[in-house]
Amino acid sequence: MRVESVDEVEILRRMTEGIYDHEEFDKAMKWAKENCTIGFDKNPPELQMTEEQKEEQFEFVVKMAVIIQELMNGCDKLDPKFSEEAIGHNAIAAGFQGQRQWTDFYPNGDFAEAMLNTSFDWNGAREPYILATENDVLNGLGMLFMKLLTGRAQMFADVRTYWSANAVKRVTGYDLEGVAKENDGIIHLINSGACCLDASGVVKDENGNGVMKEWWNVTEEDQKEIMKATTWNAADNGYFRGGGFSSRFETRATMPATMIRLNLVKGLGPVLQIAEGWTVELPEDVSDTLWKRTDYTWPCTWFVPRCDGKEGAFKSAYDVMNNWGANHGAISYGHIGADLITMCSMLRIPVCMHNVPEKDIFRPAAWNAFGMDKEGADFRACKNYGPLYK
């Protein structure tokens, strides 16, 4: 396994020289026009692009999605003279840098990132890809870990803002309830559009609860509901001067969720953070008021980590965010922290922060020889045995 770097200009070259499956693009474009709802344009009238420009840009971003997919997988339908391009990179995960050199001049990558990370596209249900925005390889690896563990699409989001119960009350007049009240606040998970569309929470399980299904269980009706819950809004032309479109939805369901971050520490190596909790649904007017404090055209999820009130990283939702290792997080449906801890022991990645109940944790028995403090023993055992893969 290795990392291969491809300059973003390769996308432009393939567009310009027609190095892509034209039938696949036509199919994707037809599907997108029929199923993607174009949302409002937040830009001042003098900065808005014309309808003709927007149509050209929409075609551009759909073509980007097809080409990135072919870069990852390869494509056996290309002209024989492009035999090298047809091979692809056999990628299990990828990232797209975008900001800022690309997005200052070309439409952003949000459509490609959102659609590839989602559990379906113009060909119906299929295994989600992993495509990390801003080429955040560490968040991409976190998404890959959880996709392989669960078979579900994964969320990519900024761990953007902490709202305490007092702050929500002051700004909106609303008193937080339920787990949001119990854990003293909410964390706003929001990014410019790279999140999988499954995270809208509109799909229901047999009991009527919001769910993000395993990709092989996603039905045509599920796909329709997810697309109906999503709009594609013109990008903020101050932020993305090259234009493009951002997916926009709100997670309107309470669902169990696990947020992780893989950090790379100089002198130590990779470490993993895990925060189990829930997505929560706020009253529409409350959510809108808070949502508009960042960007109202980006997908919005309110997350509450499970806290215990004790001193440390899980004293409150604020302390979770304050101890988080980066501005990005990878988020999966379900409480899967125990599985992640076991997997990390196999890969020799120490877990530096988690809120998984002790009774649910399984590590190899050999870890017991490294001391009685479980987290310290994890670090010592991982260092002693060394990485499984190099």
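Asp222 counts as buried, because its relative accessibility is 9% and buried means under 20% relative accessible area, with exposed being over 50% and partly exposed in between, for a 1.4 Å probe and protein chains only. Before I go on, please keep in mind that this is a predicted model, in which local features need pLDDT of at least 70 and side-chain atom pairs count only at pLDDT 80 or more, while totals for chains, interfaces and linings use all residues. Residues are numbered from 1 along each chain as its sequence is written, and side-chain values use heavy atoms, with hydrogens and water left out.

Asp222 belongs to helix α9, residues 220-228, where helices (H or I, at least four residues) and strands (E, at least two) are DSSP runs numbered from the N terminus. Leaving aside residues up to four places away in sequence, Asp222 touches Val203, Lys213 and Asn217, contact meaning heavy atoms within 4.5 Å. A polar atom of the Asp222 side chain lies 2.9 Å from the backbone nitrogen of Thr219. Asp198 is 24 residues from Asp222 in sequence, and their C-alpha atoms are 9.1 Å apart in space.

Let me turn to the sheet. This is an open sheet of three strands in the order β1-β8-β9, with mixed pairing, and two strands pair if DSSP finds at least two bridges between them. Strands β1 (37-38) and β9 (245-248) stand at the edges with a single partner strand each, so one side of each has no neighbour in the sheet. Strand β8, residues 231-234, pairs with β9 in the antiparallel sense over four bridges, and Trp232 has Ser247 in β9 as its bridge partner.

Now to the aromatic rings. Rings of Phe, Tyr and Trp (its six-membered ring) pair if their centres lie within 6.5 Å, and planes under 30 degrees apart count as stacked, over 60 as edge-to-face and the rest as tilted. By this rule there are 18 aromatic pairs. Trp102 and Tyr106 form a tilted pair, at 4.9 Å centre to centre and 40 degrees between the planes; Trp102 is buried, with a relative accessible area of 4%, whereas Tyr106 is partly exposed, at 25%. The rings of Trp215 and Trp216 make an edge-to-face pair, because their planes stand at 80 degrees, with centres 5.9 Å apart. Trp215 is partly exposed at 26% relative accessibility, and Trp216 is exposed at 51%.

Methods:
Polar contact = N/O pair within 3.5 Å; in protein donor to acceptor, adjacent residues only side chain to side chain.
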